[in-house]
Amino acid sequence: MSPTAPLGALGRAVLAVLALFGRVTLFAVDAIGHIFRPPFYPREFGLALLNVGWLSLPVVGLTAIFTGGALALQIYSGGARFNAEAVVPQIVAIGMVRELGPVLVGLMIAARVTSSIAAEIATMKVTEQIDALVTLSTHPMKYLVAPRVLAALLTVPALVAVGDVIGIAGGYVVAVERLGFNPATYLKNTVDFLEMRDIVSSLVKGAAFGTIAAVMGCYFGMQSGRGAQGVGRATKGSVEAAAVLILAANFLLTGLFFSL
Amino acid sequence: MITLENVNKSFSDNAVLRGVSLYVPKGSSMVIIGGSGTGKSVALKCILGLVTPDSGRILVDGRDATQGDRDAFLARFGMLFQGGALFDSLPVWQNVAFRLLRGALARPRGEAREIAIEKLRRVGLTPDVADRFPAELSGGMQKRVGLARAIAAEPEIIFFDEPTTGLDPIMAGVINDLIREIVTEMGATAVTITHDMSSVRAIADTVAMLHGGKIRWTGPVSQLDTSGDPYVEQFVHGRAEGPIEAVR
């Protein structure tokens with residue numbers, strides 16, 4: 001083996017990742033362009049709203065409530081090391097709204113919605129349903145992709161808001177029932193401490209993560225290989241890519257909002 | 001009506017079509033035969049623009065198929081896919097009336113449903129099937145629904161991709177007869193790809209054999225048994241021995 005072979009392999013891997021990134025970006029731009037250009041498919045959009053938004057509420061709520069409760073316990077026990085137990089409401093609020101709410105909702109959407117979109121579209125591809133759409137004069141980007149991306153763009157911020165509130169409520173229940181906090185003081189401290197910037201950052205992150213989740217599901221579904229193995233690979237790849245991109249986007253957006 | 005001129009298509013290093021030239025006259029029913037993996041489906045998909053040829057020209061009514069209004073071009077076609085390709089998320093009637101519920105051919109919902117039920121009846125299905133979902137139907141019923149969808153907007157050109165694959169001989173006969181009747185009564189131009197010889201004899205006016213990425217033989221169905229072409233003879237009689245390798 002040539003001594004430069006590992007370097008060559010590394011170069012090819014980097015180029016492959018950059019090429020994938022370029023293809024996904026072009027796909028995302030195309031998908032967003034189709035949101036604004038007719039024809040529109042309101043039925044598909046309504047179904048996507050239901051699937052991405054309404055049906056994700058239980059998993060988002062459960063994730064948020066347990067996280068908020070655990071966060072309150074952690075902050076209380078950690079704060080006790082330097083007599084700062086009283087900061088539980090403020091830190092739970094800021095932790096949920098700025099970070100844990102958007103990130104956990106984003107990851108749950110990646111698990112639930114990205115996988116479902118990728119599997120559905122990939123199955124449609126391998127069973128020639130996408131070809132059938134084209135022969136019926138229906139653009140797959142408009143019929144399948146645009147409604148899902150728009151639904152995720154609009155509903156995931158709402159899910160994040162719900163997750164933030166439920167997470168804070170989880171922290172409140174634990175703090176009041178188990179840690180002996182005064183209910184009124186806890187709520188006052190939570191409300192007083194949060195700034196509009198925290199809430200805006202949470203919602204913007206939700207919109208970005210929702211878009212990433214839907215675009216990844218659609219992209220990997222449309223690029224699926226043949227057969228059950230192709231559908232499996234598309235689904236796995238979509239969730240991996242969505243999760244990593246959500247965490248990377250979270251880092252960038254956090255820097256954008258809070259490093260100034 | 002449909003002309004393919006020296007069409008080539010490769011996937012990576014696999015040259016599937018190597019200069020396919022073919023003419024399908026208006027109002028005729030052509031059947032393209034050939035072994036599995038010889039590029040029959042790719043040829044059809046090239047005509048529809050689902051697959052882009054590497055080179056060559058495809059003309060429909062003398063006009064380049066890749067130029068002009070794509071929606072108007074596709075509105076002239078109906079296609080029955082090999083596996084049906086019915087949309088799982090829609091009930092049967094909405095599958096059949098898909099084209100009539102949206103786009104340039106959109107009709108009021110009630111009218112579209114009536115047309116769908118009429119087309120279902122035409123392919124031998126009762127109206128109670130209309131509100132079922134594709135997954136609740138047998139393979140033969142799915143093919144019939146696919147056929148109803150292909151003819152719902154009364155297209156000028158209909159493609160049938162392996163219409164009898166996976167069906168029992170009786171159901172295959174029913175589908176073959178339906179295709180022949182429908183194509184005749186609509187006056188449509190039909191292209192069918194199959195390797196089922198009973199389909200060929202029931203559906204075809206003319207037959208073309210695709211082998212090695214090229215059209216080996218073409219002629220009227222009446223001359224199929226006397227073609228004199230060793231490839232066609234081997235295929236028609238299903239012989240393992242002959243110029244076509246049994247293991248490809």
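Predicted model: local features only at pLDDT ≥ 70, side-chain atom pairs only at ≥ 80, totals over all residues.
Residues are numbered from 1 along each chain as its sequence is written, chains are lettered from A and ligands numbered from 1 in the order in which they are written, and side-chain values use heavy atoms, with hydrogens and water left out.

**View 1. B:Lys40 pairs up with B:Glu162.** Their closest N and O atoms sit 4.0 Å apart, forming a salt bridge (a side-chain nitrogen of Lys or Arg within 4 Å of a carboxyl oxygen of Asp or Glu). B:Lys40 is in helix α1 (residues 40-48) of chain B, while B:Glu162 is in the loop between β7 (157-161) and α6 (169-186), 122 residues apart. Helices (H or I, at least four residues) and strands (E, at least two) are DSSP runs, numbered from the N terminus.

**View 2. A:Arg98 meets A:Asp198 in a salt bridge.** Here the closest N and O atoms are 2.7 Å apart. A:Arg98 belongs to helix α4 (residues 88-126) of chain A and A:Asp198 to helix α8 (residues 196-222) of chain A, so the pair ties together parts 100 residues apart in sequence. A:Arg98 counts as partly exposed because its relative accessibility is 21%; A:Asp198, at 1%, counts as buried.

**View 3. B:Arg201 forms a salt bridge with B:Asp225.** The closest N and O atoms are 3.1 Å apart.

Methods:
Buried < 20%, exposed > 50% of the residue type's maximum accessible area, 1.4 Å probe, protein only.
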